[in-house]
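Please report on the fold, the cores and the contacts of the model shown here. Keep it brisk.

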Amino acid sequence: MTNHWIDYQHSDVIMAIGVNTAENHPMSMRWIERARAKGARLISVDPRLTRTAAVADIWLPLRPGTDIALLGGLINYALENDLFHREYVVHYTNASYILRADYAFSDGVFSGLEGGKYNTQSWQYELDDEGRPLQDPTLQHPRCVFQVLKKHYSRYDRDTVCKITGCNPADFDKVAATYCATGKPGKAGNILYAMGITQSTHGTQNVRAIAILQLLLGNIGIPGGGVNAQRGEANVQGSTDMAMLFHLLPGYLNMPQAKDHATLADYLAKETPASGYWSNKPKFFISLLKAWWGDAATADNEYCYHWLPKLDGRNRSHMAIFDAMQQGEIRGMFVWGQNPAVGGPNAEYERKALEKLDWMVAVDIFETETASFWRRPGVNPTDIKTEVFLLPAAASYEKEGTVSNSGRWIQWRYQAVAPPGQAKSDLWIADKLYKAIRAAYQQDGVFPDPIVNLHWNYGGEGEEEPDIEQVALEINGYDADGRPLRDFTLLRDDGATACGCWIYSGYYNDLEDPPAKRRIREEQGIGTNPDWAFAWPLNRRILYNRCSSDPRGKPWNSQVPLIWWEDGQWRMNDVPDFGWKDILPEQSAKAPFIMLPELQARLFSPTVADGPLPEHYEPVESPVKNLLSSQQHNPVVTFLPCLGKLAVTDEYPYIGTTYRVSEHWQSGIMTRNSPWLAELAPEMFVEISTRLADSLGIANGDKVVVTTPRGQIQAVAYVTRRLKPLAVNGQMVEIVGMPWHWGYRGLFPGDSANVLTPHVGDPNTSIPEYKAFLCNIRRA
Amino acid sequence: MANIVLIDTRKCMACRGCQVACKDWNQLPAGVTKFRGTYTNPLTLQPHTWTHLVFTETDQGRWLFAKYACMHCTDAACVEVCPLGAVRRLKNGTVWHDADKCAGCGLCVEQCPFNVPRINKFTRVMGKCTGCAERTMNGLQPACVATCPSGALEYGERKELLAKARARVEELQEQGFDQACLYGETEMGGLGRVYILTRPPAEYGLPENPQPAASAWFWRAAKGPLRKLASLTLVSGAMFSLLRWRAERIQGKRGDQKAV
């Protein structure tokens, strides 16, 4: 998130959309309650009356998958009613930039659509003779971003939005008036989101729509504001930062492509922008190669660039891996702290794909459904040839290391107890594995160089636990003498520094007193707690914090000043996210978004795969036609070959949506094995409205069967008034809500909701569309 | 000086951290439950479930949350009637239950207007919230309060918290919760668990005017002589057996307890 948990206390209005913050992030409510004690309001946008909606000041039910329609409606409301923060928009965003004359949008499609992909050429800025974008600070030019944005969202009028989303117009007005009031200078609006926003075939654009609304209202870079992604696992922020994604290297460096990046020079030339902080990318990238291959990496051998695997242009995301597996392209697999047999979309398909493997290694604290796919209900183990190894892993309290929370705070955790039995820490397992693989390659093997030359110096002789502080030092970065680097501003592109993840640099820069281990509560201040752990980057607690003050450096809200100009100097409660040393406020105001080449925020973004502005499309499986254009779903959606038949409304008339409950965690393998938690939520259930239950003769507590073309599951029906049918363009649409925590293992097994979900994904990220699909339901 | 737990239902988001923390601190076993068409689980308090969160869907489409456990009444009927002195009121207001002294006779079960005490069928011992007296007497908060993330539970001195609670009710009324009220200020001589409610108590399943059962007067009157009797070692064994016999009869008759 741009801000952090404690900072919620400064919000005037908090809108939780696509996130069930009370249930899935209960600690957030501590800070939300602090804000409410000062008069803040909480809005919950959710199809169900969740525990968040129950405690919220306003609940706005909306149809799953229609977030852009709603957010577009709010953007339009702010613009039409002149509630946006004009000075902020003019100075800190690209609102004034003039677009090329050939940019066009018609009937749901942007210019440049060619063969299922967009050519983004026409989405660029009009340039002057020196190659700089033309601007109109009056925001009047018909082709300036502001006017294009205004025109685009003028179609999202209240009536259209309510017809699409199923929102009640009066409720929409209430939310719009309450939230858009934060466009007033000095007011802070905070948008919380999670998987309800991202797990969609237009998930990236959902997030973009949030960012646009926040920029228009001047809510980014200020205390109590922000675009705040609440991560669903304790350390999923850390795993993203460390690139547990196929298209990234640690620190959000793009993975090299074989076609475009034949040499290191090609990669650096094509990946490094001319302006903005990313112009330092060669320093980050070469330091990463040095961290991995140490002395073997030299200028002469392009720092071992050729030892790095390259992408072949194919999608290698979660769904695509299972597709390739099904096709027999993958022979072996490590499943490390993951449970796709429950958590993956079209789960039964993914379980079947596992049968194609020669071997599988599962590393987990319990035997997961994935680890035991070969003896799942309905299969004969003797028919499955896969050799499966189960390595017992240490749980979080049984090992040492860091956890990075949603606010980017990297916090050290100590080992509380020894792991039971043969269980080992992930580091121990990785270390032993590597050493065995290296030994094998030292004997023989194809292309042994990248393996045998890896810089691996973490100790761990014999049965010993490797030295995790050595790993921490490598991630932090060190100089030619092995001394920790203060931070990433010291990184070099000549091989003199090594750094395993540039954005983390500084978190472990003092071996005696590493910032990640610091635990000093702030005594006075605004809750940034700079001496409690370390927030990447550079211990910065609120990103884009130049925007917390006006162009002259005066804080928009003097009650909560973050970084401001006073008596001829900068004063600060946070680490500045802009060039400030010897730089006057008016000058720094021109460059508040240093990670972008424009140095100003993008209301209009020329780099997103599915359009420069978010546009409403229906989920791939939807019971209604798109009311805004004849383009039914995202024109560049990621379809996987294995998708199979899509559901049609004749057979599958209801919207299915999946979610989590407080009592269980993810695929449930930890919590369903914890009797105290399983006692609270023992069985798989589905939530349906009283109206739907009446029409199908289902009573509360009945056993029901839910079906989609992918499969069927059994569950207990929870007939509830908390889920209401929505009037969508005059048609009543019913929703079947289901948690996805159950599987066939553990103390409290049950059917998995993901047996029902489809293999379709967002074109930017390939995240599956778990949140809106079609299904049917009947009594068992 | 009496302490109370203040329960601000407006701040409770029903995460059920309190329910789990109670089991954790007191090392109470989990039961095997079913999903019964409500998030409330178990449906009632049990000998091994001393607190639970009750989810109530109202006809107006509201979803109300309230944590239930022993109310630690000032005029606690269970204390009055317990013939063995197994239930007593500590100085800090906790209604403490001494399992070693309990015969599971069930008199407290009959008298409690909140239907809190539960008799364990196998051990024949009553189980209920102990107020975490072993924690509170040593400067800690009760386990449920310590774990509450949103600040819905607060432990402290009765007078201070009541003043805070009254102000909070006024604040809620100003915010539009015109039926916001306090519960537990005067009931049963003042409860050790005071609720800030946004709706009338009945919507949460709280009794409007809780009273001990009509037979309480008899047990109150009989308590003196019975205690004296019990102190005579010769007859105490016989008395214990008598109360056990009574417990079995009650168990057979009452079956599953009604939800609070």
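The C-alpha trace of chain A spans about 75 × 70 × 55 Å along its principal axes.

This is a predicted model: local features need pLDDT of at least 70, side-chain atom pairs count only at pLDDT 80 or more, and totals for chains, interfaces and linings use all residues. Residues are numbered from 1 along each chain as its sequence is written, while chains are lettered from A and ligands numbered from 1 in the order in which they are written.

Chain A holds 22 helices and 29 strands. These are DSSP runs numbered from the N terminus: helices are H or I with at least four residues, strands are E with at least two. Of the 780 residues in chain A, 53% are buried. Buried means that 20 or more other C-beta atoms lie within 10 Å of the residue's own; exposed means 12 or fewer, and partly exposed is in between, with C-beta atoms placed from the backbone. Two residues are in contact if their C-beta atoms, placed from the backbone, lie within 7 Å. Among contacts in chain A with a separation of 6 or more, 71% join residues 24 or more positions apart.

**Cores**

A nonpolar core is a set of buried Ala, Val, Leu, Ile, Met, Phe, Trp, Tyr and Cys residues joined through C-beta atoms within 7 Å. The largest has 166 residues, and I14(A) and I43(A) touch the most other members. Helix α4 (residues 67-80) of chain A gives the most to this core, nine residues. Both domain 1 (5-229) and domain 2 (638-779) of chain A supply at least three residues each to this core. A second, separate core of 58 residues includes F685(A), Y718(A), V728(A) and C775(A). Beyond its neighbours within four places in sequence, I43(A) has contacts that include V13(A), I14(A), V175(A) and Y179(A).

**Helix α6**

The buried residues of α6(A) are V145(A), F146(A), V148(A), L149(A), H152(A) and Y153(A). They cover an arc of only 165° around the axis, so they sit on the same side of α6(A). The arc is that of the directions from the helix axis to the C-beta atoms. These buried residues pack against α4 and β4 (105-106) of chain A.

L134(A) lies in the loop between β7 (117-118) and α6 (145-154) of chain A. It counts as partly exposed because it has 16 C-beta neighbours inside 10 Å.

**Interfaces**

Domain bounds come from an automatic or database domain assignment. The C-alpha centres of domain 1 and domain 2 of chain A lie 28 Å apart. Chain B also touches chain A. For the classes below, Ala, Val, Leu, Ile, Met, Phe, Trp, Tyr, Cys and Pro count as nonpolar, Asp, Glu, Lys and Arg as charged, and the others, Gly among them, as polar.

| Contact | Residues on each side | Classes on one side |
|---|---|---|
| Domain 1 and domain 2 of chain A | 21 residues of domain 1, 28 residues of domain 2 | Domain 1 side: five nonpolar, twelve polar, four charged residues |
| Chain B and chain A | 23 residues from chain B, 30 residues from chain A | Chain B side: eight nonpolar, nine polar, six charged residues |

Helix α1 (residues 17-26) of chain B gives the largest share of the chain B side, four residues.
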